[in-house]
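Thank you for making the time this morning. I would like to walk you through one model, so please have the sequence and the structure open as I talk.

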Amino acid sequence: MYACRTRGDLISPEGAEKLPWPLESPFEASLLKYFLTTLSPWFDYCDPHQHFRTYIGNNAATDITLLYAALAVSARHQSTSLNWQSHVADEYQKRCLRSLIAALNDQETALPDTILASAAILRFFEEMTGNFPRPQPGMDSIRTHHMLSAQLLLRITEGHVFRSSFTDAVFLVVLRSEIYVANLTQRPVGNLADHCNIDTSLEPTSERMWALRAIAHVAKVTNLAYGEGAVNPTPNHHWECLMRYIEDWERLCPESFRPIYSQKQISPDNPFPQLYYANDYHVAARQHIELARVLLLASCPQSCLSRIQQRRMGRSNDDRIRDSARIICGVAMSNPEFTQALVGAGLVIAICGELFDDPAETTLLFRILSEAESHLGWPCLKAKEYLRGLWRV
């Protein structure tokens, strides 16, 4: 007896320890192929070794938990982006969770990398539901809400998972996701970046590590913006250190991080800058550096008098925030081959879109926001309807 039908295709029966390989269901085979070709680039952003595509492709044949995770997220993304309703994604998620939780409950057996990978993929699944409950203490509440939080993944790693290049890749995915969700829900990221094996110094290193430094710095700035600094006045010294890191990063990073071509605006009808980059980690670095700047400027501890003086000089923080947001959006529009850059653009628009009121800009910003939602398949950019009303688009 089959669990359910979708569009005339059968999904596999439940209860087997592993699915037959090659897969017998053309629908399931298409879902796995969709993950490998369409979704894995999101996980492998800034990863020249493409750990996720390689790992999932090599292990889905023998690990049913990992396979169910990939099938679940593919079915959810297709049902959302293609606007067709299906309970298949929920069915695969339930099957994966049963297997995943059973493995987590086994305290005597070392956890394989497949468990960590499955947990990271299911986090992506949960984010596509558009529901971001604030993390609750305790494993039971996490299981009840089927929310595989970063804290849960940390517990896995601090337990019985040996570190490898693949686990580092998993945690980088989780860090990028946490930065995104934390800024949408206005909460700190926590110390997740400390577990990602990122050298946050500014000593010479590989180009990829320079990009990871920018990502890790956004995590620190997010903690300042929504942590204690959001409640109590932020000490000037801490804020200045974080801003100085941005300035030093830009001064010391390799020359290859400069755009291969730049222009103040894309076209007469498009006021955003045109910035061409060679690689995805150059794109990611520039967007994250600008996002860190946006968050710091929005959390500036200057006195009221200082801010008034800035406005009189025609250079308020709002102006500088808009400049950084334009760069983030310009990078996304100028480098469409790196579709993940839409995530950064969509996020900064959700954060500070209300600072824009020029119809020429707001029309483009709304289009970018819509494209970001379409690319992600996530109904989570909840600022969209608010900005639609504000901008009258």
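Let me begin with confidence: over which residues does pLDDT stay under 50? That is the case for residues 1–8, for which the model has 17 contacts beyond four places in sequence; pLDDT is the predictor's confidence in each residue, from 0 to 100, and contact means heavy atoms within 4.5 Å. The pLDDT is also below 50 over residues 132–147, a stretch with 27 contacts in the model beyond near neighbours in sequence. For the protein chain as a whole, the average pLDDT is 82, and 77% of the residues score at least 70.

A word on how to read what follows. This is a predicted model, in which local features need pLDDT of at least 70 and side-chain atom pairs count only at pLDDT 80 or more, while totals for chains, interfaces and linings use all residues. Residues are numbered from 1 along each chain as its sequence is written, and side-chain values use heavy atoms, with hydrogens and water left out.

Now to the helices, where helices (H or I, at least four residues) and strands (E, at least two) are DSSP runs, numbered from the N terminus. The axes of helix α12, residues 280–298, and α14 come within 9 Å and cross at roughly 160°; axes are lines fitted to C-alpha atoms, for helices over the stretch in contact, and angles run from 0 to 180 degrees between N-to-C directions. The two helices, α12 and α14, are therefore roughly antiparallel to each other, given that angles under 35 degrees count as roughly parallel, over 145 as roughly antiparallel, 65 to 115 as roughly perpendicular and the rest as oblique. Among the residues that make the contact are Val 283, Leu 291 and Val 294 of α12, together with Ile 321, Ile 328 and Val 331 of α14. By class, this contact of α12 with α14 has 11 nonpolar, 3 polar and 4 charged residues, where Ala, Val, Leu, Ile, Met, Phe, Trp, Tyr, Cys and Pro count as nonpolar, Asp, Glu, Lys and Arg as charged, and the others, Gly among them, as polar.

Helix α14, residues 317–334, also packs with helix α16, residues 359–376, at an angle of about 60° and with the axes 12 Å apart, which makes α14 oblique to α16. Here Arg 326, Cys 329 and Met 333 of α14 meet Glu 361, Leu 365, Arg 367 and Ile 368 of α16, and by class this contact has 4 nonpolar, no polar and 3 charged residues.

Arg 213 is buried, with a relative accessible area of 0%; buried means under 20% relative accessible area, exposed over 50%, and partly exposed in between, with a 1.4 Å probe and protein chains only. Beyond four places in sequence, the contacts of Arg 213 include Asp 199, Glu 203, Tyr 245 and Trp 249.

Finally, some backbone details. Most residues other than glycine have a negative phi, and most peptide bonds are trans. A cis peptide bond, with omega about 5°, joins Trp 21 and Pro 22, and Pro 22 is found in the loop between β2 and α1. Cys 46, in the loop between α1 and α2, has a positive phi near 65° and counts as buried at 1% relative accessibility. Gln 186, in the loop between α8 and α9, has a positive phi near 55°, but counts as exposed at 53% relative accessibility.
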